[in-house]
Amino acid sequence: MRMRRGVGDYSGVVKSESSGQVSMDFLLAISIFAFGIVILISEIPMLFAPLQTVATDIQPVAYRTSMILVEDGGIYEYEESGSITSRWEDLIAQRRSYNEVKRIGLAMPAPAWSSSEDVVPNNLSRRKIDALQDWWNDTANQSKIRDKLGLFVTYNGNHLDYRYNITLQAFNGSPIWNSTSNSPLLQIGDSIPVSGVTVEKIERIVAIDNPVNLTNRTKIGDVEYAAKLVVCIWR
Amino acid sequence: MMKTNKKGQMHTIEALLALMLIIGVVAFTARSAPGETQVEGSMDTQLALYGNDFLSILDMEQPDHKSWLYYFVETNNITGFKQEWEKTNLTDKKGIFYKLELYNGCDLQNFSAPYGEPPENAVTVSRLVTLVNPHVEVYEVRLTLWYV
């Protein structure tokens, strides 16, 4: 049945109103503006990258520091002959001279029967660990550790001074304790800031070759004492 | 005779153009978003270090020139690996899961996936183990790690 619509009854009728439409000019302008914003945002990291090299390189520095400590035995260069050795811990004990240490590394020297050529990566020498902790405790010379770890470098004529905190921890997160000295086995560097700076942290799983008088023993595989070396770097 | 409204056609064209512009902006924005943040890269580095270090510890050479990993491959003792892994507390404290695979050449010999299949952003590290008794056989121990 067909209904007759009365005068002024517009129900059911879609009325086209051109004034309600968004104008093409506005659409075009807002699109171009949006494109501009998007391009600007996507380019911002690249725009500031040359100025931010100092701030963005902390992670590689932490990685490098952990590699030096875990996979290298260190370098000691005899001043008189120029020959080098990785037994820096013995020579600083004999000579009390830290200047000849060119690099600090904690990997233990390879045993005679070992197929490793120089050092055993991931197996830290207790003698080197103790020597590094003693070095840190020697307040007159502790500032030299930063240089020997490669944490004081010059980039584009600017001196970059990284700060560090290096500890040996058990897998439950507590510091490994040396019951002979009643102190942490290895805990060197500055206190880690709670806020305000970016701190990069790298953890390495390591073995300690001589675990006498150490707490929190964890045996993994054939390794009698496994632990974590925690390296924190910031500026 | 049918009467057409030219103004209505224009509105349709405007709507289509606006839609195309909006889609273009959204597509461009999505494409411009960085694929991997620095934090993710840092996490991948840490995962790779955990994996390589753990395999290195298990493969620590003994005076008989063999290691725990050597006997693990020789005996195919997959369950023993989980016990050693759990000692690191990496699953309990850091939420790191693993999948272990043992390959001889290209052939999968055995595997252990106690935490299921890894996601796409998992990190895989591997270590070669050479068995010398009675024949020389090279195995690849492949460890895939990921954060939950």
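How many residues does the contact take from chain B and from chain A? The contact takes 31 residues from chain B and 31 residues from chain A, where two residues are in contact if their C-beta atoms, placed from the backbone, lie within 7 Å. On the side of chain B that touches chain A, the elements giving two or more residues are α1 (6–32) and α2 (38–58) of chain B; helices (H or I, at least four residues) and strands (E, at least two) are DSSP runs, numbered from the N terminus. Sorted by class, this side of chain B has 12 nonpolar, 13 polar and six charged residues, with Ala, Val, Leu, Ile, Met, Phe, Trp, Tyr, Cys and Pro counted as nonpolar, Asp, Glu, Lys and Arg as charged, and the others, Gly among them, as polar.

The structure is a predicted model, in which local features need pLDDT of at least 70 and side-chain atom pairs count only at pLDDT 80 or more, while totals for chains, interfaces and linings use all residues. Residues are numbered from 1 along each chain as its sequence is written, and chains are lettered from A and ligands numbered from 1 in the order in which they are written. The model scores ipTM 0.76 and pTM 0.76. For chain B the mean pLDDT is 86, and 86% of its residues reach 70 or more, pLDDT being the predictor's confidence in each residue, from 0 to 100. Where pLDDT is low, the predicted coordinates should not be read in detail.

Chain B has five helices and four strands, and along its sequence these follow the pattern α-α-α-α-α-β-β-β-β. Of its 148 residues, 23% are buried; a residue is buried if 20 or more other C-beta atoms lie within 10 Å of its own, exposed if 12 or fewer, and partly exposed in between, with C-beta atoms placed from the backbone. Among the contacts in chain B between residues at least 6 apart in sequence, 56% join residues at least 24 apart.

The four strands of chain B form an open sheet in the order β2-β1-β4-β3, with antiparallel pairing; two strands pair if DSSP finds at least two bridges between them. Strands β2 (107–112) and β3 (123–131) of chain B each have a single partner strand and stand at the edges, so one side of each is left without a neighbour in the sheet. From one strand to the next, the twist averages 20°. Within this sheet, β1 (residues 96–104) and β4 (residues 137–147) of chain B pair in the antiparallel sense over nine bridges, and Tyr103(B) stands opposite Glu140(B) in β4(B). Helix α3 (residues 68–75) of chain B packs on the sheet, where it touches β1, β3 and β4 of chain B, and its direction makes about 80° with that of β3(B); axes are lines fitted to C-alpha atoms, for helices over the stretch in contact, and angles run from 0 to 180 degrees between N-to-C directions. Helix α4 (residues 78–86) of chain B lies across β1 and β2 of chain B and runs at about 50° to β2(B).

Chain A has six helices and 13 strands. Of its 235 residues, 28% count as buried, and residues 24 or more positions apart account for 62% of the contacts in chain A with a separation of 6 or more. Three strands of chain A form an open sheet in the order β2-β1-β3, and the pairing is antiparallel. At the edges stand β2 (84–85) and β3 (101–104) of chain A, each with a single partner strand, so one side of each is left without a neighbour in the sheet. Strand β1 (residues 74–77) of chain A is joined to β2(A) by two bridges, and Glu77(A) stands opposite Ile84(A) in β2(A). Helix α4 (residues 88–95) of chain A lies across β1 and β3 of chain A, running at about 40° to β1(A).

Elsewhere in chain A, β8(A) pairs in the antiparallel sense with strand β13 (residues 226–234) of chain A over seven bridges, and in β13(A) the bridge partner of Arg163(A) is Trp234(A). A further antiparallel pairing, over three bridges, is that of β8(A) with strand β11 (residues 187–189) of chain A, in which Thr167(A) stands opposite Gln187(A). The loop between β8 (163–169) and β9 (177–178) of chain A holds Phe171(A), a residue that is partly exposed, with 19 other C-beta atoms within 10 Å. Leaving aside its neighbours within four places in sequence, Phe171(A) is in contact with Thr218(A), Lys228(A), Lys87(B), Thr88(B) and Asn89(B).
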